[in-house]
Amino acid sequence: MNRIKVKCPGTVANLVCGFDILGLALNEPSDIMELRLLDKPEVIIHNRDNYNLPTEPERNVAGVVLLSMIEKLEKPVGFDVTIEKHIKPGSGIGSSAASAAGAAVAANLLLGNLFSPDEVVQFAMNGEKLASGVKHADNIAPCILGGISLIRSIHPLDIVSIPSPDLFVTVVHPQIEVRTSDARQILKQQVLLKDAIRQWGNIAGLVTGFMKNDYDLIGRSLEDVIIEPVRSILIPGFDEVKKQCKEAGALGGGISGSGPSVFMLSRNEKDARVVETVMKDVYTRIGIDFNTYVTTINKKGVEVVSGE
Ligand code: HSE
């Protein structure tokens, strides 16, 4: 294969209580990337969208991933990359991870699966390092694998796929930009033991709720006493939208990744649509532009659209 086109899903990282260790893939929105093999060790990037992302490989999320892969190759090989973004950068639904994961998966397929799945995740994390200053896999892993991922550890890499019931996900993206690096910088470096105890109870409860299809336990466990109280100040309308969505029937939810998007889980499409109406009402009243998605969990991860 000389050329490949892949679809790269958006993702919700953290899942409220699992900062940097939990994430899920979405069926909507997703990016499209096309990679072509070159016989020189270089990366050429074309953007087919209006986001004006850098095309110098060293400054582009997909670019740094591919450069790190090229370094490990014995043959002189390069990649020509065309990126068509639908996941808005800075939205909190895994825009940089989609580019990084898509580049790593597509390049590895063009190389005949030279690298193991864990190595592909490692390459993709170089993109997250560029985007946020820190390597984390809670967007990358679900983007590549689909479904819900637990990142038990990144040194060494230990990723666990978590089965779940067929949940619906409603996302509202208020049209303000929150840079992940900024949203990480404002976090406190120390937590109180009582908060840590509450948080790890919630993480264990959430994972158990997914695995036992226990919707009430999922809802009760969608609570974050460490990150959300700090980050929510960056998101206008956050407290109101969260309260009203839960009153309208959402199981629960919170900040998607580092924000500004807010997501809610629901047990069926009807509830998810009611939640969408609530989100629209809140942001219309506040006067901030927004867009919404009502979608489900993507079980496939990065998917090949075509190859030749
Ligand atoms: N876990 C990361 C964070 C996800 O919350 O900073 C950002 O995409």
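Reader: How many of the 16 residues of α2 are buried?

Author: Of those 16 residues, 14 are buried, so α2 is largely enclosed by the rest of the structure. A residue is called buried under 20% relative accessible area, exposed over 50% and partly exposed in between, with a 1.4 Å probe and protein chains only. This is a predicted model, in which local features need pLDDT of at least 70, side-chain atom pairs count only at pLDDT 80 or more, and totals for chains, interfaces and linings use all residues. Residues are numbered from 1 along each chain as its sequence is written, and side-chain values use heavy atoms, leaving out hydrogens and water.

Reader: What span does helix α2 reach, and what is expected?

Author: Helices (H or I, at least four residues) and strands (E, at least two) are DSSP runs numbered from the N terminus. The expected span of a helix is 1.5 Å times one less than its number of residues. Helix α2 covers residues 95-110 and reaches 23 Å from its first C-alpha to its last, close to the expected 22 Å. Just after α2, glycine 112 has a positive phi of about 70°.

Reader: Where is leucine 66, and how far in space is it from asparagine 108?

Author: Leucine 66 belongs to helix α1, residues 61-71, and is buried with a relative accessible area of 0%. Between leucine 66 and asparagine 108 there are 9.7 Å in space, C-alpha to C-alpha, although they are 42 residues apart in sequence. Serine 149 and valine 207 are 58 residues apart in sequence, with their C-alpha atoms 9.9 Å apart in space.

Reader: Which residues surround the ligand?

Author: A residue is counted as near a molecule if one of its heavy atoms lies within 4 Å of it. The surrounding residues include Ala13, Phe19, His136, Asp138, Thr180, Arg231 and Gly257. Asn14, Asp20 and Arg184 also belong to this group.

Reader: What distances separate the ligand from the side chains of asparagine 14, aspartate 20 and arginine 184?

Author: A polar contact is a pair of N or O atoms within 3.5 Å. A ligand oxygen lies 2.8 Å from an N or O atom in the side chain of asparagine 14, and a ligand oxygen is 2.7 Å from such an atom of arginine 184. For aspartate 20, a polar side-chain atom is 2.5 Å from a nitrogen of the ligand. The protein covers 94% of the 260 Å² of accessible area that the ligand has on its own, computed by the Shrake-Rupley method.

Reader: Which residues have a positive phi without being glycine?

Author: As a general rule, most residues other than glycine have a negative phi, and most peptide bonds are trans. Valine 16 has a phi near 75°, and aspartate 20 has one near 70°. Valine 16 is in the loop between β1 (3-13) and β2, and aspartate 20 is in the loop between β1 and β2. Valine 16 is buried at 5% relative accessible area, while aspartate 20 counts as buried at 19%. Aspartate 20 is also one of the residues around the ligand.

Reader: Where are the prolines at the cis peptide bonds placed?

Author: Glutamate 28 and proline 29 are joined by a cis bond with omega of about -5°, and proline 29 is in strand β2, residues 22-38. The bond from histidine 155 to proline 156 is cis, with omega near -5°. Proline 156 is placed in the loop between β5 (148-154) and β6 (157-162).

Conventions. A polar contact is a pair of N or O atoms within 3.5 Å; within protein, one must be able to donate a hydrogen and the other to accept it, and residues adjacent in sequence count only if both atoms are side-chain atoms. Accessible areas come from the Shrake-Rupley method with a 1.4 Å probe; for residues, only the protein chains shown count as cover.
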